[in-house]
Every structure is written in structure tokens, then in C-alpha cells.
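I opened this notebook to record what I looked up in the model, entry by entry, with the cut-offs beside the terms.

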Amino acid sequence: QKMRKRHHQYRRLNRKPKHKRAMLRNMVTSLIKHERLVTTEAKAKELRHFADKMITYAKKRDKLHGIRLAERIVREKASLTKLMEILGPRYEQRGGGYTRVMKLAKRRLGDGAHMAIIEYVDRPGEVRAARPPTPLRLAAMREVLGTVGIKPITDGEIEELESEMGALKVDDEKEEEEATDGGDTGNEDALQAAEASEDSADDEADDTVQAADDLPSEETEDESESTDDPETKAEPDESESKKE
């Protein structure tokens, strides 16, 4: 036999489903009426689902539909009226976290069960104030910034900034493309200049080699000219003339 898959792991609380549901209905009705209950930790954590769901029903746009859904759980008409007229508007700006569970250090006498307090937040006379909802926190932040002299940015200014950033990105891309194109042309010019300098160096080397080859021929011509000159002819030695 295949075991049935449980999508939500709820606490059984040592009771049958019908008994458990009836008990939670009584507890959520009392919680709406008094806004604070002392019970065991397990019951408080299980009751939190029902209490948050009641606030969700009270915040529905279709009030008649919300009332009909809440009537299935809330037992007293006075609690239902308080839910729709007081608790619903109180949490209009809060997106969730309507209840708080606080554990108690002292256990219950008899079985020693862990005790806890479950209560609705933002209620009058609460010991610890809850964190304000996001819209209120943003409004307070804007007021503080306004006193300092910092104005909030509007949606139109944000769009203008985004358009300016897009234009700057386009300009940067164009500059990068031009730089890459200029770099390529610059490399080609450098290669051509290097080739021209190599050619000129080769030409200079050839000229020097030819000059070196022409130098000995000039010396021999000078020598021949010196031998042909009658003034430079050597006179015969006297010893040779005496022998003759």
C-alpha cells in the first residue's frame, strides 16, 4: 500500500481532526476578542495559522466575501464585527506577520508543558512594539531626509537617469570601437614605417660597401700617377755607375 503524501505537516495536538478544528475555532474567537492568549507553545504555533488567515479575510476588497469566509471559523458575531471593523483596517498597510508568539520560561504545573503567549501586534498596551510596516518606514525615512535637505527621487527622474546612463554606454562603446579601429591603423602605419626604415638602412649599408670597394682603386691610380711622373723617377746609384 502506498502511503498518502501530506502536503502540510500540522500538529495533531493529541486530538482527532474534528476536535482539533473545534478547539482552534474557539481559540481564534477568543484571540480576536482579547487580542492576547496564554496557552501551550504547540497550540500557539498552530493557532497562528488561523489568526493570520482571519486578518487576510478581513483585508479582502470584497468585504462580503471576506465576511462569509470568516463566518465559517469565528463563532461570535461581536468578534466577527471587531475583526472586520477594527483589526482589518489596523493591518491594512502590513503585508504579513500579524501575530507574535513569545515563549514563557515557567512551565505549566502538572505535565510541565512549555507555555507561550500569542497576541496580535500593534495592539494598544503591548509590551514590545512591532517593527513598523514598509510603507510607514519609507514615509518616516523620507521625512528625515527632507529635514536634512535631501529630496526623494521621483519616477520621472529615475527614467531620465536611466536614459542618460544608456546614452553614456552608447558613447563609451563608440569610443572603444574608434579606439580599436585607430589602433589597427596605427599598427599598420608603424609596420610601414619600420619597413621603410629597414629599407633605408639597407641602402645605407650598400653605399658604405661600395665606398669601401672604391677606395683601393683610387690608391692604385695614385701610385701609377706617381710612377709616371718624371720628377719622381729615382736617380741611378753612383756605385753602379763606377762599376761600369
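What does the accessible surface of the chain come to, and what share of it belongs to carbon and sulfur atoms? I find about 19300 Å², with 51% belonging to carbon and sulfur atoms; the areas come from the Shrake-Rupley method with a 1.4 Å probe, and for residues only the protein chains shown count as cover.

Before going on, I note that this is a predicted model, in which local features need pLDDT of at least 70 and side-chain atom pairs count only at pLDDT 80 or more, while totals for chains, interfaces and linings use all residues. Residues are numbered from 1 along each chain as its sequence is written, and side-chain values use heavy atoms, with hydrogens and water left out.

**Entry: overall layout.** I counted 7 helices and 3 strands in the chain, taking helices (H or I, at least four residues) and strands (E, at least two) as DSSP runs numbered from the N terminus. Along the sequence they follow the pattern α-β-α-α-α-β-β-α-α-α. Of the 244 residues in the chain, 22% are buried, where buried means under 20% relative accessible area, exposed over 50% and partly exposed in between (1.4 Å probe, protein chains only). I also looked up contacts (heavy atoms within 4.5 Å): among those with a separation of 6 or more, 62% are between residues 24 or more positions apart.

**Entry: helix α4.** Helix α4 covers residues 77–90, 14 residues in number, and its first and last C-alpha atoms are 19 Å apart, close to the 20 Å expected when 1.5 Å is multiplied by one less than the number of residues. I find a kink of about 40° in α4, centred on Leu83; the bend at a residue is the angle between axes fitted to the seven residues ending there and the seven starting there. Leu83 is itself among the buried residues of α4, which also include Leu80, Met84 and Leu87. The partners against which the buried residues of α4 pack are α1 (17–34), α2 (41–58), α3 (63–71) and β3 (115–120).

**Entry: salt bridges.** With a side-chain nitrogen of Lys or Arg within 4 Å of a carboxyl oxygen of Asp or Glu as the rule, I count 12 salt bridges. One of them joins the side chains of Lys20 and Glu46 at 3.3 Å, N to O. Because Lys20 lies in helix α1 and Glu46 in helix α2, this pair ties together parts that are 26 residues apart in sequence. Both Lys20 and Glu46 are buried.

Next I checked Glu35 and Arg90, whose closest N and O atoms are 3.3 Å apart in a salt bridge. This pair links the loop between α1 and β1 (36–40), where Glu35 sits, to helix α4, which holds Arg90, 55 residues apart. Glu35 is buried at 7% relative accessible area, whereas Arg90, at 25%, counts as partly exposed.

A further salt bridge joins Asp122 to Arg94, with 2.9 Å between the closest N and O atoms. Asp122 lies in the loop between β3 and α5 and Arg94 in the loop between α4 and β2 (99–103), so parts 28 residues apart in sequence are tied together. Here Arg94 is buried at 11% relative accessible area, and Asp122 is partly exposed at 29%. I also noted a network of salt bridges linking Arg36, Arg100, Glu119, Arg123 and Glu126.
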